Structures are given as C-alpha cells and as structure tokens.
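Me: I would like to learn how to read pockets and charge pairs from a set of coordinates. Can we go through one case?

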Amino acid sequence: MENQKINCTVESCKYNNCNSQECVLKQIMVTPVKNCEAKKPDESMCSNYVNLK
C-alpha cells in the first residue's frame, strides 16, 4: 500500500503536516476509548498523538 495516506486535521499533533493535512508517520495505531460504546467515531482515537509542545 505505497500510496496510502493518513489525513489528519489535528493541528496540535506533532506528526500532522498542517499545510497538507496529512500525518507524516507511515502508519498509526488506532485504539478504542475505554468505557465508550457510542458506536460513533469518538469511540476510537489515534494512539500516536503527541502534542507539539
């Protein structure tokens, strides 16, 4: 999957290229949010998030 892209709009993440709205990592880990069974997108999160600061 050489052409796969990870789009991201989380501007506070160290790995986000805000100009292209792409994650600069080759892969990410998506994990479930504990005790959340909303059956909506907020039920999961990117485990690779690192704050810019």
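Reply: We can begin with the second largest pocket, which holds about 170 Å³ of space. Keep in mind that this is a predicted model.

Me: How is such space found, and which residues lie nearest the centre of the second largest pocket?

Reply: Rolling a probe the size of a water molecule over the atoms shows where empty space is left. Here 10 residues line the second largest pocket, and Gln 4, Lys 5, Ile 6, Leu 25 and Lys 26 are nearest its centre. By class, that lining splits into four nonpolar, two polar and four charged residues.

Me: What is the volume of the largest pocket, and how many charged residues are in its lining?

Reply: The largest pocket has about 220 Å³ of space. Its lining has no charged residues, with 11 nonpolar and four polar. Of the 15 lining residues, those nearest the centre are Cys 8, Val 10, Cys 13, Ile 28 and Cys 46.

Me: Back to Lys 5: with which residue does Lys 5 form a salt bridge?

Reply: Side chains of opposite charge can pair when their charged atoms come close. In this model Lys 5 pairs with Glu 22, and their closest N and O atoms are 3.4 Å apart. The two residues are 17 apart in the chain, with Lys 5 in the segment before β1 (16–17) and Glu 22 in strand β2 (residues 22–23), so the pair links distant parts of the chain. A search of the whole structure finds one salt bridge.

Me: Are the two partners buried or exposed?

Reply: Lys 5 counts as exposed because its relative accessible area is 54%, over the 50% cut-off. Glu 22 has a relative accessible area of 24%, so Glu 22 is partly exposed.

Terms used. Residues are numbered from 1 along each chain as its sequence is written. This is a predicted model: local features need pLDDT of at least 70, side-chain atom pairs count only at pLDDT 80 or more; totals for chains, interfaces and linings use all residues. Side-chain values use heavy atoms; hydrogens and water are left out. A salt bridge is a side-chain nitrogen of Lys or Arg within 4 Å of a carboxyl oxygen of Asp or Glu. Helices (H or I, at least four residues) and strands (E, at least two) are DSSP runs, numbered from the N terminus. Buried means under 20% relative accessible area, exposed over 50%, partly exposed in between (1.4 Å probe, protein chains only). On a 1 Å grid over the protein atoms alone, a cavity is a set of points where a 1.4 Å probe fits but cannot get out, and a pocket is an open set with protein on both sides within 12 Å along at least five of seven lines; lining residues have an atom within 4 Å of a point. Grid points are joined across faces, edges and corners, and a volume is the space filled by probe spheres set on the points. Ala, Val, Leu, Ile, Met, Phe, Trp, Tyr, Cys and Pro count as nonpolar, Asp, Glu, Lys and Arg as charged, and the others, Gly among them, as polar.
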